[in-house]
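User: I've got a structure open and would like to talk it through. Can we start with the overall layout and then go to single spots?

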Amino acid sequence: MRKLLRLLGLAQGNCLNCEKPAVGEEFLCEDCLKELKPQHPMEYTHIPYVFSYRVFGRYEGAIKSLILNAKFENNPYTARFLGKVVKDYLWEYINEIQPDIITFPELNLRRFWLRGFNQVEEILKGAEVPYQRIFERKGFDPPMARLKSQERLKAVQSHQVRKHWLYALEDKKILVVDDVLTTGQTMSHLCQLLLSLGAKETHAFFIARSV
């Protein structure tokens, strides 16, 4: 598979993180692959409207390189690989909280048109997690990573719940999965929306926490 990806320009022979030779069909070298494990202890701060949440690792090293490659090199295969990496830890959390619905934030239209996929959706596919597309996003705001705090707060308001889900969330326990936890504003807004529509509980899972 990796040979095919190289021919298509979607993979390379060197590690995405450190440029050492990658292992087999993986995207990382042997040393960087060893980094990909849950990192504990990790500080957990309160996120409004979120009943509980989990984070797989810190936004640095191999995890950061994989996320950046998926998002800014338009490579869904690294996102699916990351899904395989977090699969066991994510499913452990899913089995713990037993959500009725699993979903994720949507990209703005411009970013989705340019990228052609949602990296969190690809991560969930890689982790073999069933999901629903509850949210939609209006407008053409730039990527959240480029926004300052006040701009980010304004941008999260562009998230809405799709019309056919407006009356289907009552008394549901919902898990929202996202790639990077930075300020928590996006997740807080999404969970506030869900609770306002009658959701029973809202939980979150993040691939990485910004350092």
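User: What pattern does the protein chain follow along the sequence?

Analyst: Read along the sequence, the protein chain follows α-α-β-α-α-β-α-α-β-α-β-β-α-β, which comes to eight helices and six strands; helices (H or I, at least four residues) and strands (E, at least two) are DSSP runs, numbered from the N terminus. This is a predicted model, in which local features need pLDDT of at least 70 and side-chain atom pairs count only at pLDDT 80 or more, while totals for chains, interfaces and linings use all residues. Residues are numbered from 1 along each chain as its sequence is written, and side-chain values use heavy atoms, with hydrogens and water left out.

User: How much of the protein chain is made up of buried residues?

Analyst: Of the 211 residues in the protein chain, 50% are buried, where buried means under 20% relative accessible area, exposed over 50%, and partly exposed in between (1.4 Å probe, protein chains only).

User: OK, helices. At what angle do α3 and α4 pack?

Analyst: Helix α3 (residues 61-72) and helix α4 (residues 76-97) pack at about 145°, with their axes 7 Å apart; axes are lines fitted to C-alpha atoms, for helices over the stretch in contact, and angles run from 0 to 180 degrees between N-to-C directions.

User: And which residues meet there?

Analyst: From α3, L66, I67, N69 and A70 meet T78, A79, F81 and L82 of α4, contact being heavy atoms within 4.5 Å.

User: What about N74, where is that?

Analyst: N74 is in the loop between α3 and α4 and is partly exposed, with a relative accessible area of 33%. Not counting residues up to four places away in sequence, N74 touches N69, L114, R115 and F117. The C-alpha atoms of N74 and L114 are separated by 8.3 Å, although these residues are 40 apart along the chain.

User: Switching to W113: buried or exposed?

Analyst: W113, which is found in helix α5 (residues 109-115), is exposed, with a relative accessible area of 59%.

User: Then what about S188, buried or exposed?

Analyst: S188 is buried, with a relative accessible area of 11%, and its place is in helix α8 (residues 185-196).

User: Which residues is S188 in contact with?

Analyst: Leaving aside neighbours within four places in sequence, S188 is in contact with I47, P48 and Y49.
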